[in-house]
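User: I have a chain open in the viewer and would like to talk it through. Could you take my questions as they come?

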Amino acid sequence: MSNEIIRESVLTCPECGAQTKQTMPTDSCQYFYQCPECNALLRPKGKDCCVFCSYGSVPCPPVQAAMGSTR
Ligand SMILES: [Zn+2]
């Protein structure tokens, strides 16, 4: 019953290590993210659906919802 969707994720840039707190949109995935420190354009790794799943401290809301709901 306590499946709260976390909306804030800390993105860590793989290029320069800068950490930026971002608020995630709950209904969409963010596929690109540009690091404010080094301007690197981040893209999801492998099969990840968005940059938050690859570089964020918390996966994106749709993934959290999928993990929370037992199917
Ligand atoms: Zn960077």
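User: What share of the contacts between residues at least 6 apart in sequence join residues at least 24 apart?
Analyst: In this predicted model, 33% of the contacts between residues at least 6 apart in the protein chain join residues that are at least 24 apart in sequence.

User: And which elements does the chain have, in what order?
Analyst: The protein chain has two helices and four strands, and from the N terminus on they run β-β-β-β-α-α. Its radius of gyration is 12 Å, close to the 11 Å that the globule rule gives for 71 residues, so the chain is as compact as a globular protein of that length. Along the principal axes, the C-alpha trace spans about 40 × 20 × 15 Å.

User: How much of the chain is buried?
Analyst: Of the 71 residues, 20% count as buried.

User: Which residues make up the largest nonpolar core?
Analyst: That core has nine residues, namely Leu11, Met24, Tyr33, Cys50, Val51, Phe52, Cys53, Tyr55 and Cys60. Helix α1, which covers residues 51–55, provides the largest share of this core with four residues. As background, nonpolar side chains in soluble globular proteins tend to be buried together.

User: Switching to the strands, which residues of β1 are on the covered face and which on the uncovered one?
Analyst: In strand β1, residues 8–12, Ser9 and Leu11 form the covered face, while Glu8, Val10 and Thr12 form the uncovered one.

User: How does β1 pair with β2, parallel or antiparallel?
Analyst: Strand β1 pairs with strand β2, residues 19–23, in the antiparallel sense over five bridges, and Glu8 stands opposite Thr23 in β2. The two strands form a hairpin with six residues between them, and Gly17 in the turn has a positive phi of about 80°.

User: Which residue other than glycine has a positive phi?
Analyst: Asn39 is one, with a phi near 60°. Most residues other than glycine have a negative phi.

User: Where is Asn39, and is it buried or exposed?
Analyst: Asn39 is found in the loop between β3 (33–34) and β4 (41–42). With 10 other C-beta atoms within 10 Å, Asn39 is exposed, because a residue counts as exposed when 12 or fewer such atoms lie within that distance.

Conventions:
Residues numbered from 1 in each chain as written. Predicted model: local features only at pLDDT ≥ 70, side-chain atom pairs only at ≥ 80, totals over all residues. Core = buried A, V, L, I, M, F, W, Y, C linked by C-beta atoms within 7 Å. Rg over C-alpha atoms; globule rule 2.2 N^0.38 Å. Contact = placed C-beta atoms within 7 Å. Pairing = 2+ DSSP bridges.
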